[in-house]
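Open the model in your viewer and keep the selection tool at hand.

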Amino acid sequence: MEVMTSPEMTPVTVPAATAPDADEAASRRAAQAAAQAAAQGAQQMRISESRAKAEGRAQVRPTAEGWKQAMGDDGRPQLQFTAKARVSQPPVHLADLTLDERAAKLKEMGLPGFRAKQLSVHYFQHYTTDPEAMSDLPKDRRAEIAEVMFPKLLTEVKRLTTDNGDTVKFLWRLFDGSLVESVLMRYPGRVTLCVSSQCGCGMNCPFCATGQAGLTRNMSAAEILDQIVQANRVIAEGGLGGKRRDGGHDAERVSNIVFMGMGEPLANYKRVMNAVHRMVDEAPEGLGMSARGITISTVGLVPGIKKLTEEGVPVTFALSLHAPDDELRDEMIPVNSRWKVDEALDAAHAYYVKTGRRVSIEYALIKDMNDHGWRADMLARKLNARGRGWVHVNPIPLNPTPGSVWTSSEPDVTAEFIDRLESAGVPTTLRDTRGKEIDGACGQLAATE
């Protein structure tokens, strides 16, 4: 299983026995370090509050509301990078395998290898796992082949529609009873699917509904892909605002993927990238999608960003920043206690340098918390210090979650925040959020029946 590592996470060998005086010295050093950190944090908080006061604004502190945030022994919000012990894994599906691996599995069943291509066409191009629809397979073995190659991964539990049928939220039950959600959205000239990559999330961000239940397990590559295949089937059946309304091939299938559903994609790196490779593989091995239409988002797992930089697949990379200063981001995005703002921005810039792909900075605007003008100025300075033309900022009006009193920034505050960024030469576009009415917008996915 993939495990993100950092200097703080590196195992340390501890002697079997330690002298009492050494224990006391270590305790004193730890207490001194904690006191220094607390003093520094208090000083930064005072600076933050004085800056807010100078703008005639409040400085709201981020705290979990309506639920209790899991805390570690160090008093910080608990982070989960791996699934819970002894969690059952989903059965192997055709979409988990390469075309050659599919052929090998079929040969083990006493079938010729060319059947792998036929099955791949049925799944990735016709969006079906129904053996009765596979007339090119031996009739007496169709059911057996389908059972082995297409084990049931996602069962639709509920479907909600809004925006005149152009936005659909799906609630899926996985093989082990876990629930996840994905959101299908039609825009002029493209169809976007927001996919989930984990059952729950271990990043413990206080303003996100997904993180409230913690992490159950990672999703398999096939479970990620099956969200797309089933969405394509819904589109083909006219379940997204009607058929062929925009014309063209892409209007009849998902053209864009955003890994902004449930979970932290880079905490499930291997399976997410296996899924991405199947997305871009030419048909019938995969879906034949453009890598440039795939966006992978992270809250800032720097080791994962570095791996993605070397992956060789030119996806769009998005960093969910939400605050330019460590003082606030430590509280808003708990993983910032491992990898600070500048480390995450350095890794994001390195992605641009290596791939030539412009990076997106996601920034949820929350009233009186992170929307102060001085933070827009700080964000612009930090981005411009790394060069021009490498980044694009997407401010996102906060989507409220049940039990929270937090709300999105006032329109005039939002306008000023954007104006300050643009005046500093930072390209900025206010995100058009979809699905708020059905709890399908960013940060609202909680997977409840």
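**Stop 1: helices α10 and α11**

Select both helices. α10 passes α11 in a right-handed crossing. A crossing is right-handed if the near helix is turned clockwise from the far one by less than a right angle, and left-handed if anticlockwise. Helices here are DSSP runs of H or I with at least four residues, strands are runs of E with at least two, and both are numbered from the N terminus.

This is a predicted model: local features need pLDDT of at least 70, side-chain atom pairs count only at pLDDT 80 or more, and totals for chains, interfaces and linings use all residues. Residues are numbered from 1 along each chain as its sequence is written, and side-chain values use heavy atoms, with hydrogens and water left out.

Two packed helices are described by the angle between their axes and the distance between the axes. For α10 (residues 373-384) and α11 (residues 411-423), the axes come within 9 Å and cross at roughly 25 degrees. That angle makes α10 roughly parallel to α11. The classes are: under 35 degrees roughly parallel, over 145 roughly antiparallel, 65 to 115 roughly perpendicular, the rest oblique. Axes are lines fitted to C-alpha atoms, for helices over the stretch in contact, and angles run from 0 to 180 degrees between N-to-C directions.

Now show the side chains. On α10, pick Gly373, Trp374, Arg375, Ala376, Asp377, Leu379 and Ala380; they meet Phe417, Arg420 and Leu421 of α11. Contact means heavy atoms within 4.5 Å. The residues of this contact divide into six nonpolar, one polar and three charged. Ala, Val, Leu, Ile, Met, Phe, Trp, Tyr, Cys and Pro count as nonpolar, Asp, Glu, Lys and Arg as charged, and the others, Gly among them, as polar.

**Stop 2**

Which residues does UniProt list for "binding site"? The unreviewed entry gives Cys201, Cys205 and Cys208. UniProt positions follow the numbering used here, feature names are shortened, and annotations may be inferred rather than shown by experiment.

Select Cys205, in the loop between β5 (198-200) and β6 (215-218). Cys205 counts as buried, at 8% relative accessibility. Buried means under 20% relative accessible area, exposed over 50%, and partly exposed in between, with a 1.4 Å probe and protein chains only. Leaving aside neighbours within four places in sequence, Cys205 is in contact with Trp67, Gln69, Val299, Met332, Ile333 and Pro334.

Stay in the loop between β5 and β6 for Cys208. Asn204 also sits in the loop between β5 and β6. Asn204 has a positive phi of about 60 degrees, although it is not a glycine. Is Asn204 buried or exposed? Buried, with a relative accessible area of 5%.

**Stop 3**

Most residues other than glycine have a negative phi, and most peptide bonds are trans. Go to Asn164, in the loop between β1 (155-162) and β2 (167-173). Phi of Asn164 is near 55 degrees, a positive value. Asn164 is exposed, with a relative accessible area of 79%.

Next, Pro284, in the loop between α6 (269-280) and β8 (294-298). The peptide bond from Ala283 to Pro284 is cis, with omega near 5 degrees.

**Stop 4: the annotated active site**

UniProt's unreviewed entry places "active site" at Glu181 and Cys442. Glu181 is in strand β3 (residues 179-187). At 3% relative accessibility, Glu181 counts as buried.

**Stop 5: helices α2 and α3**

Select α2 (residues 99-108) and α3 (residues 115-124): they pack at an angle of about 120 degrees, with axes 8 Å apart. That makes α2 oblique to α3. Their crossing is right-handed. Leu99, Arg102, Ala103 and Leu106 of α2 make the contact with Arg115, Ala116, Lys117, Leu119, Ser120 and Phe124 of α3. By class, this contact has six nonpolar, one polar and three charged residues.

**Stop 6: α4, then zoom out**

Glu144 is in helix α4 (residues 142-149). Glu144 is partly exposed, with a relative accessible area of 34%. Draw a distance from its C-alpha to that of Pro131, 13 residues apart along the chain: 8.7 Å.

Finally, show the whole protein. There are 11 helices and 11 strands. Of the 449 residues, 52% count as buried. Among contacts with a separation of 6 or more, 69% come from residues 24 or more positions apart.
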